[in-house]
Amino acid sequence: MNPPEVIAAPEALRERLDGWRREKLRIGLVPTMGNLHSGHLDLVRATAARTDRVVVSIFVNPLQFGPNEDFASYPRTPTEDLAALQGTGCALAFMPGEGAMYPHGRRATTRIEVPGLSEILCGATRPGHFSGVATAVAKLFNLVQPELAAFGEKDFQQLAVIRQMTAELCFAVEILSVPTRREPDGLAMSSRNRYLDDDQRARAPQLYTALRTCARALRSGRRDFVALQQEGMDNIRSAGMIPEYVEIRRQEGLGSPEPADKRLVILAAVRLGRTRLIDNLAVEL
Ligand code: AMP
């Protein structure tokens with residue numbers, strides 16, 4: 001299979017996409033920040049199976065990082081990313097510079113806000129994060145005008161934010177969610193895993209273990225959600241990590257659960273040294 005064509009300029013992107021649309025080809029989009037791993041490639045393959053041409057965007061979006069977060073040190077590996085995309089069905093890698101995405105500067109840009117969903121869970125400790133994500137994704141939807149766009153369940157809250165934004169801004173884009181790809185020991189794949197030293201890497205799978213323990217308790221009939229969340233936090237602390245939150249929520253809308261709810265999700269964020277890890281586990285009861 002051919003390597004993907006690489007385009008950086010929005011005008012060149014539009015020209016190529018217009019050609020495909022004239023040929024009545026179905027276009028799919030996979031937004032990423034690069035440093036691609038097998039989880040990202042699952043999204044590309046899933047999109048390639050449902051569309052005729054897959055565009056993978058690679059852009060480390062400054063708008064979604066807080067002032068004390070890892071924007072400067074976030075891994076940027078464009079050569080390896082293009083090699084990884086070969087053979088996955090990606091036709092085009094869109095790799096815009098910051099000026100292409102934020103022509104009036106990142107602070108002056110028009111922003112998308114998704115209230116409510118953006119303020120809970122990860123949004124509580126990362127103010128502005130989901131607005132930054134929604135703004136970049138809305139721009140990519142306008143630039144690419146895909147029929148389908150894929151996002152990972154690894155970022156469960158992000159998926160909910162994107163679904164709400166897509167519906168409310170009337171984007172004619174089908175949102176495809178793709179299951180979380182994990183390492184053999186259970187750790188969810190993430191570009192940030194490379195920040196972990198050997199000791200931290202050995203502890204990190206305990207995050208998923210804590211989620212599975214909580215899921216088992218729900219399946220066994222427990223509905224004392226607050227106590228279960230507390231136990232999840234205790235398990236994470238015992239593994240040498242600092243819990244930011246462990247929350248049991250409804251899958252739809254991420255609201256607080258009722259004992260009769262059948263579709264729940266356990267979401268967690270932890271700190272392991274200077275690295276922040278998130279994971280989640282959906283539970284059908
Ligand atoms: P990122 O480059 O971290 O912004 O991620 C780009 C897309 O890949 C997002 O939709 C993520 O949810 C998805 N993704 C990241 N990690 C994984 C994973 N381990 N499994 C599946 N999808 C993932």
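1. In helix H9, the buried residues are Leu 207, Tyr 208, Ala 210, Leu 211, Cys 214, Ala 215, Ala 217 and Leu 218; like everything in this note, that list rests on a predicted model. The elements that cover these buried residues of H9 include helix H8 (198–203) and helix H10 (225–238), together with strand E7 (242–250), strand E8 (263–272) and strand E9 (275–284).

2. The length of H9 can be checked against expectation: helix H9 (residues 206–219) has 14 residues, which at 1.5 Å a residue should span 20 Å, and its end C-alpha atoms are 20 Å apart, so the two values agree. After H9 comes Gly 221, a residue with a positive phi, near 110°.

3. Turning to the sheet, 6 strands form an open arrangement in the order E1-E4-E3-E2-E5-E6, and their pairing is parallel. E1 and strand E6 (174–178) stand at the edges with a single partner strand each, and therefore one side of each is left without a neighbour in the sheet. From one strand to the next, the twist averages 25°. As background for reading these pairings, strands of a sheet pair through backbone hydrogen bonds, in either a parallel or an antiparallel sense.

4. Strand E4 deserves a separate point. Of the 5 residues of strand E4 (residues 90–94), 4 are buried, which means that the strand is largely enclosed by the rest of the structure. Strand E1 (residues 5–7) runs parallel to E4 and is joined to it by 3 bridges, with Phe 94 of E4 as the bridge partner of Ile 7. Strand E3 (residues 53–58) also pairs with E4 in the parallel sense, over 4 bridges, and here Val 55 has Leu 92 in E4 as its bridge partner.

5. Is Ala 138 buried or exposed? Its relative accessibility is 6%, and because the cut-off for a buried residue is under 20%, Ala 138 counts as buried. If neighbours within four places in sequence are left aside, Ala 138 is in contact with Ile 112, Met 165 and Phe 171. Arg 111 lies 27 residues from Ala 138 in sequence, and the C-alpha atoms of the two are 9.3 Å apart in space.

6. For the protein as a whole, the model has 10 helices and 9 strands, and 54% of the 285 residues count as buried. A compact globule of 285 residues would have a radius of gyration near 19 Å, and the protein has 19 Å, so the value agrees with that expectation. Taken along the principal axes, the C-alpha atoms fill a box of roughly 55 × 40 × 40 Å. Among the contacts with a separation of 6 or more, 71% are accounted for by residues 24 or more positions apart.

Definitions and conventions. Residues are numbered from 1 along each chain as its sequence is written. This is a predicted model: local features need pLDDT of at least 70, side-chain atom pairs count only at pLDDT 80 or more; totals for chains, interfaces and linings use all residues. Side-chain values use heavy atoms; hydrogens and water are left out. Buried means under 20% relative accessible area, exposed over 50%, partly exposed in between (1.4 Å probe, protein chains only). Helices (H or I, at least four residues) and strands (E, at least two) are DSSP runs, numbered from the N terminus. Two strands pair if DSSP finds at least two bridges between them. Contact means heavy atoms within 4.5 Å. Axes are lines fitted to C-alpha atoms, for helices over the stretch in contact, and angles run from 0 to 180 degrees between N-to-C directions. The expected span of a helix is 1.5 Å times one less than its number of residues. The radius of gyration is taken over C-alpha atoms; the globule rule is 2.2 Å times the number of residues to the power 0.38.
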